[in-house]
Amino acid sequence: MFDVIIAGCGPTGAMLAAELRLHDVRVLVLEKETEPASFVRIVSLHMRSLELMAMRGLLDRILERGRKRSVGGIFAAITKSAPEGLDSAYAYLLGIPQPVIVHLLEEHAIELGAQVRHGCAVAGFEQDDEGVTVELADGEQLRARYLVGCDGGRSTVRKLLGVGFPGEPSRTETLMGEMKVGVPQEEIAAKMAESSETHKRFWLRPFGEGVYSVVVPAAGVSDRAEPPTLEDFKQQLRTIAGTDFGVHSPRWLSRFGDATRLAERYRVGRVLLAGDAAHIHPPTGGQGLNLGVQDAFNLGWKLAAQIRGWAPETLLDTYQAERQPVARDVLDNTRAQRELLSTEPGPQAVRRLLTELMDFDEVNRYLIEKITAIGIRYDFGEGPDLLGRRLRDIDVKQGHLYGLLHRGRGLLLDRTERLTAGGWSDRVDYLADSTAVLDVPCVLLRPDGHVAWIGDDQHDLDDHLSRWFGKPAN
């Protein structure tokens, strides 16, 4: 008997498993693939995701395997430098191979005690008032109190659950791969400069050892189950650039579409959805992996609280209430970016106008904060602007704020040095620090770093501790 079974050990599933293990929840992760993906797609960790990694003490090991780059120019590939003074201690993007980040997060979950089984696919499940019986493809049956589908855009869990996935199917496809080229770098640079003004979904970028990352629009929408061929790349390169650059010796070849869909519900009884199982969208802006990891951070402590028996009655429901609007916003901004990548005259005119508007720092800042998720504000009711937002990694007398969040607990930061977490001390840590650089007297942070309360009154604090962390232990 497990507390939680997670279907899928991608970044979302692995991160969720680790978050649950911080609270001693018994977790089993089922991954249908026996081996890591053969292709090495580079993904970007955004500012909010980097903050979350810092909160759990993971950032240093991830930085060792990635490459920093500017956070500017990520909205619809409009080339603008990032404005100064972004509200994060981690104001950069981190490019990292997807298999590497998956491995690091899985390793983290296992270190914390999660069980991971590869080559195990969920074939069916039944839930009742006490839990979920999960059937594997080989007929084995497992029992858990909850099941979470983190099994991708074609989620078996979501389909078996009968949750609608409305949206738009792919209208265009893009080919992506890594391969060698047969022409000098100078010729590639010249053709790229010539074509980039009219074709925003086309590039060749050096990847090391004579290998290039190649992205080019596909001829049409096809069965994505069938991988593209090298000849497909050559034909499209000749169509776009007038040459196939002598591409040869591919390492891997893939294609992706621009389907945009959002699950109607994130929870049905004891079964929940997270990551791509709950939402899919074009990769414009590089938000997909980040959105899923952030789902896991939002869900992990809430599901753990439900299992440990101290969750307020509606706490688990706030997962969908908070994260579904965030996903809806991501779907909208990727729709907008997709239009701005069109070669049609109308979208290109809008692109030129937006390019001018982004010369205003506040416009540029707003779009960057939207894409990197540091602008998110959950609706916690009326209060100061900081309420519902995440708090940046400020300096405190014990070092850095995020260093105090490694255990996945709440935190009361008290600048008055006269409040207390009292009967919630088994769930909420306390720091009295009159020197902390804050414009408010005290804040209560949830385990995901969002500000749940601001003030200096103990009675009001107790009400909010009860709202988020249940009844006091004594």
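Is Phe 245 buried or exposed? Keep that in mind while we look around. One caution before we go on: this is a predicted model.

Start with the whole protein. There are 474 residues, and a compact globule of that length would have a radius of gyration near 23 Å. The protein has 23 Å, so the two agree. Along the principal axes, the C-alpha atoms fill a box of roughly 75 × 60 × 40 Å. The secondary structure comes to 12 helices and 24 strands. Of the 474 residues, 53% are buried.

Back to the opening question. Phe 245 has a relative accessible area of 0%. The cut-off for buried is under 20%, so Phe 245 is buried. Where does Phe 245 lie? In the loop between α7, residues 230-241, and β14, residues 248-257.

Now its backbone. Most residues other than glycine have a negative phi. Phe 245 has a positive one, near 60°. Asp 24 also has a positive phi near 60°, and Asp 24 is not glycine either. Find Asp 24 in the loop between α1, residues 11-21, and β2, residues 27-31.

Next, another phenylalanine. Phe 360 sits in the loop between α10, residues 345-357, and α11, residues 361-372. Its relative accessibility is 55%, so Phe 360 counts as exposed. Phe 360 belongs to a nonpolar surface patch with Leu 353 and Leu 357. Together, the three have about 300 Å² of accessible area.

Last stop: a sheet. Strands of a sheet pair through backbone hydrogen bonds, either parallel or antiparallel. In this open sheet, four strands run in the order β22-β21-β23-β24, with mixed pairing. Which strands stand at the edges? They are β22, residues 428-432, and β24, residues 451-454. Each has a single partner strand, so one side of each is left without a neighbour in the sheet. On average, neighbouring strands here are turned by 15° against each other, direction ignored.

Zoom in on one pair. Strand β21 covers residues 410-414 and runs parallel to β22. How many bridges join them? Five. Take Asp 414 as an example: its bridge partner in β22 is Ala 432.

Technical notes: Residues numbered from 1 in each chain as written. Predicted model: local features only at pLDDT ≥ 70, side-chain atom pairs only at ≥ 80, totals over all residues. Heavy atoms only, no water. Pairing = 2+ DSSP bridges. Helix = DSSP H or I, 4+ residues; strand = E, 2+ residues; numbered from the N terminus. Axes fitted to C-alpha atoms, helices over the stretch in contact; angles between N-to-C directions. Patch = residues over 30% accessible without salt bridge, like charges linked within 9 Å, V, L, I, M, F, W, Y side chains within 5 Å. Areas by Shrake-Rupley, 256 points an atom, 1.4 Å probe, with all protein chains shown as cover. Salt bridge = Lys/Arg side-chain N within 4 Å of Asp/Glu carboxyl O. Buried < 20%, exposed > 50% of the residue type's maximum accessible area, 1.4 Å probe, protein only. Rg over C-alpha atoms; globule rule 2.2 N^0.38 Å.
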